[in-house]
Structures are given as structure tokens and as C-alpha cells.
Amino acid sequence: MSSDGVNSTRRKFLTAATSAVGVAGVVGVAVPFVGSWNPSAKAKAAGAPVKFDFSKLEPGQMTVVEWRGQPVYVVNRTDTQLAALPGLDAQLKDPNSENAAQQPLYITGVERSIKPHILVIVGLCTHLGCAPKFVPEVGVANLGGASWVGGFFVPAMVPSSIYPVGFMQACRPRPTC
Ligand code: FES
């Protein structure tokens, strides 16, 4: 007990107890608050890498896999389709995949893929994001006949939107799009 009648031990105890309760309160609020910054299980699942077994795809076949809510086209290109690619360089903005702003550095060359036969691209057009149609047949009459070597076709852009298997280029919008 001090000279002014104040119980300093009790005061110290009360101060410590109050501080401890205060700290517990802050921790009790901070932990769930910081925890709420973590992505939800749904968000984690949406951003997670997607596994796909390429061996299921026959040459010339395409399948669509969903990744981050977007359609991803996976194509098993035939040797004929691969052989046709260099002949289309004049139509491409970046035929040899040199624009580092558009693909990872490990992607080079006309095939634009790690395994030349396997093409993996986001299945949305570069205009307003419609889904190009896959037409692997060569020489389709209403898609340009002999100049059609198989690829992706954007109905909204006919005839300026015919893309061989392996790339999508900046398209010119038709008045209706
Ligand atoms: S939105 Fe795809 S071509 Fe216009």
C-alpha cells in the first residue's frame, strides 16, 4: 500500500489484467479479419492449375477444358496442320512467337507450344471474346476453299476471320459485331 492509500499491487494487477483482456480482444478480432483476406476454397479451386491427359486426343481432335472460368482449347495437331503453319507467316503479326508480351518466354517458333503437336489456347476471340469454331478439315469451300488449311473460324467475322490451327490474329470486326 502506498502513502496515498493506493494499493499499487492491485493497481499493477488490474493494469496487467486489463491489458491482457485488451490484447486477447485485439487478437480475437485481428485473426479472423486477416483470415478473411485469404482466397476462399472456391477461389483457390478456380485459380488452381488444371490437369488434362493429352493421350486421350487423337490427331486432329480438339477438346475444351475450363480454366479460371474460361474455355481453353486443347488440340492434337496433325503433321499436315503443322506443316502448313510456316506458309501462313505473311498473315501473322508474330509468326515466330517473338512478342514476349503475348506468350511466356519458353514459347518460341511457329508452333507456339512446348510440344509441337499439342496446341493449348484460350478459346476466346481477340475482339469481344466470342468462341471461335474449330474446323480441322482442309479445303472447306465456304471458308476459302484451297486456302483453308484447317483451323478456327469466327462466324461474326466472315470472310476476314479464318485462322489456321495454331493461332488467332487481330480480327477486323464486321459491321454486325
Ligand atoms: S466478338 Fe469475336 S469476333 Fe467479334
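Analyst: Quick note before we start: helices (H or I, at least four residues) and strands (E, at least two) are DSSP runs, numbered from the N terminus. The model we are looking at is predicted.

User: Thanks! Then where is Arg-68?

Analyst: Arg-68 sits in the loop between S1 and S2. Strand S1 covers 62–67 and strand S2 covers 70–76.

User: Is Arg-68 buried or exposed?

Analyst: Exposed: the relative accessible area of Arg-68 is 51%, and the cut-off for exposed is over 50%.

User: What is the phi of Arg-68 near?

Analyst: It is near 55°, a positive value, and Arg-68 is not a glycine. Most residues other than glycine have a negative phi.

User: Which other arginine has a positive phi of about 55°?

Analyst: That would be Arg-112, which is not a glycine either. You'll find Arg-112 in the loop between H3 and S3. With a relative accessibility of 22%, Arg-112 counts as partly exposed, because that class lies between under 20% for buried and over 50% for exposed.

User: What does Arg-112 form a salt bridge with?

Analyst: Its partner is Asp-94, and the closest N and O atoms are 3.5 Å apart. The two residues lie in the loop between H3 (79–84) and S3, so the pair ties together parts that are 18 residues apart in sequence. As background, side chains of opposite charge can pair when their charged atoms come close.

User: And Asp-94, buried or exposed?

Analyst: Asp-94 is buried, at a relative accessible area of 11%.

User: Let's zoom out. How many helices and strands are there?

Analyst: The protein has 3 helices and 6 strands. Along the sequence they follow the pattern α-α-β-β-α-β-β-β-β. Of the 177 residues in the protein, 25% are buried.

User: Which residues line the second largest pocket?

Analyst: Among them are Pro-49, Phe-52, Trp-67, Val-74 and Ile-121. By class, the lining has 11 nonpolar residues, with no polar and no charged ones.

User: Which strand gives the most to that lining?

Analyst: S3 does, with 3 residues. S3 runs over 118–122, and S1, S2 and S3 each supply at least two residues of the lining.

User: You mentioned S2. Where is Asn-76 found?

Analyst: Asn-76 is in strand S2. At 11% relative accessibility, Asn-76 counts as buried, because buried means under 20%.

User: How far apart are Asn-76 and Pro-116 in space?

Analyst: They are 9.0 Å apart, C-alpha to C-alpha, while in sequence they are 40 residues apart.

User: Last one: which residues form a nonpolar patch on the surface?

Analyst: Val-23, Val-27 and Val-31 form a patch like that, with about 260 Å² of accessible area together. Val-23 belongs to helix H1, residues 8–35.

User: Is Val-23 itself buried or exposed?

Analyst: Val-23 is exposed, with a relative accessible area of 51%.

Terms used:
Residues are numbered from 1 along each chain as its sequence is written. This is a predicted model: local features need pLDDT of at least 70, side-chain atom pairs count only at pLDDT 80 or more; totals for chains, interfaces and linings use all residues. Side-chain values use heavy atoms; hydrogens and water are left out. On a 1 Å grid over the protein atoms alone, a cavity is a set of points where a 1.4 Å probe fits but cannot get out, and a pocket is an open set with protein on both sides within 12 Å along at least five of seven lines; lining residues have an atom within 4 Å of a point. Ala, Val, Leu, Ile, Met, Phe, Trp, Tyr, Cys and Pro count as nonpolar, Asp, Glu, Lys and Arg as charged, and the others, Gly among them, as polar. Patches are made of residues with over 30% relative accessible area and no salt bridge: like charges are joined within 9 Å, nonpolar side chains (Val, Leu, Ile, Met, Phe, Trp, Tyr) within 5 Å. Accessible areas come from the Shrake-Rupley method with a 1.4 Å probe; for residues, only the protein chains shown count as cover. A salt bridge is a side-chain nitrogen of Lys or Arg within 4 Å of a carboxyl oxygen of Asp or Glu. Buried means under 20% relative accessible area, exposed over 50%, partly exposed in between (1.4 Å probe, protein chains only).
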